[in-house]
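Let's take a walk through a protein structure together, one residue at a time. Keep the picture at hand and look for each place as we come to it.

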Amino acid sequence: MADRIRATIVMPMIKALLVAGFILASGPSEEMFSDLKKAPNPDVAAQIEADIWASWMESGSATVDLLMQRASEAEEFGDVDLARSLYDRAVQIKPDYAEAWHRRAILFMIDDNVSEALHDFNETLTHEPRHFGAWVGLGTVFEQIGAHDEALEAYREALALHPNLAPAKQAERRLAPAEDGRSL
């Protein structure tokens, strides 16, 4: 009797939970990025972008999700040290979770800690190469240190993923003339 209950009720529930956990932790789908590239206008693109960001905030771990929520709240209240500490913990618990790396990179960028920001943006992109936010962050850091060719390349990577991304479009317009030999 126990074997039959296990086979007909328990195992299907476990499989469903595993699949649900995988879906939560899997991040945005290729279809979302395809739709983002084909968005007919900026308003549609903004909605798809919001869905992608929401997907990136789902780590697949209740503990990490709580840490991320608390870190975001700490940022909103201006407690950058607490936010960074919470992102540190999220990275320690789930080192393959791109959004924790990304959020921490932004804090390093705000503090002008270029080497740590570059490291964390690279970690973000290692785990989620489609992270247009990390590409923009990387471009911003490169631009700040005077690596304009690398910055332009990073912004163009962001635009390849999200053609309507305003910060990347503005940066490309600003940097592209220098690439063509014209002054900024």
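Start at Trp 56, which has a relative accessibility of 5% and therefore counts as buried. Keep in mind that you are looking at a predicted model. The cut-off for being buried is under 20% relative accessible area, so Trp 56 falls below it. Now look at Trp 53: its relative accessibility is 21%, so Trp 53 counts as partly exposed.

Because Trp 53 belongs to helix α3 while Phe 132 belongs to helix α8 (residues 132-144), the pair ties together parts that are 79 residues apart in sequence. Phe 132 itself has 0% relative accessibility, so Phe 132 counts as buried.

The structure has five aromatic pairs. In the pair of Trp 53 and Trp 56, the ring centres are 5.0 Å apart and the planes stand at 80 degrees; planes over 60 degrees apart count as edge-to-face, so this pair is edge-to-face. Ring pairs join Phe 33, Trp 53, Trp 56 and Phe 132 into a cluster.

Next, move along to two other helices. Helix α5 (residues 80-93) packs against helix α6 (residues 98-110) at an angle of about 150 degrees, and their axes are 9 Å apart. Angles over 145 degrees count as roughly antiparallel, so α5 is roughly antiparallel to α6. Their crossing is left-handed. Where they meet, α5 contributes residues including Val 80, Ala 83, Tyr 87 and Val 91, and α6 contributes residues including Ala 100, Trp 101, Leu 107 and Phe 108.

Finally, step back and view the whole chain. Which elements does the chain contain, helices or strands? There are 10 helices and zero strands. Of the 184 residues, 39% count as buried. Among contacts with a separation of 6 or more, 48% come from residues 24 or more positions apart. The accessible surface of the chain is about 10400 Å², and carbon and sulfur atoms account for 56% of that surface.

How values were computed:
Residues numbered from 1 in each chain as written. Predicted model: local features only at pLDDT ≥ 70, side-chain atom pairs only at ≥ 80, totals over all residues. Heavy atoms only, no water. Helix = DSSP H or I, 4+ residues; strand = E, 2+ residues; numbered from the N terminus. Buried < 20%, exposed > 50% of the residue type's maximum accessible area, 1.4 Å probe, protein only. Contact = heavy atoms within 4.5 Å. Areas by Shrake-Rupley, 256 points an atom, 1.4 Å probe, with all protein chains shown as cover. Phe/Tyr/Trp six-rings, centres within 6.5 Å; stacked < 30°, edge-to-face > 60°. Axes fitted to C-alpha atoms, helices over the stretch in contact; angles between N-to-C directions. Parallel < 35°, antiparallel > 145°, perpendicular 65-115°, else oblique. Left-handed = near helix turned anticlockwise from the far one by under 90°.
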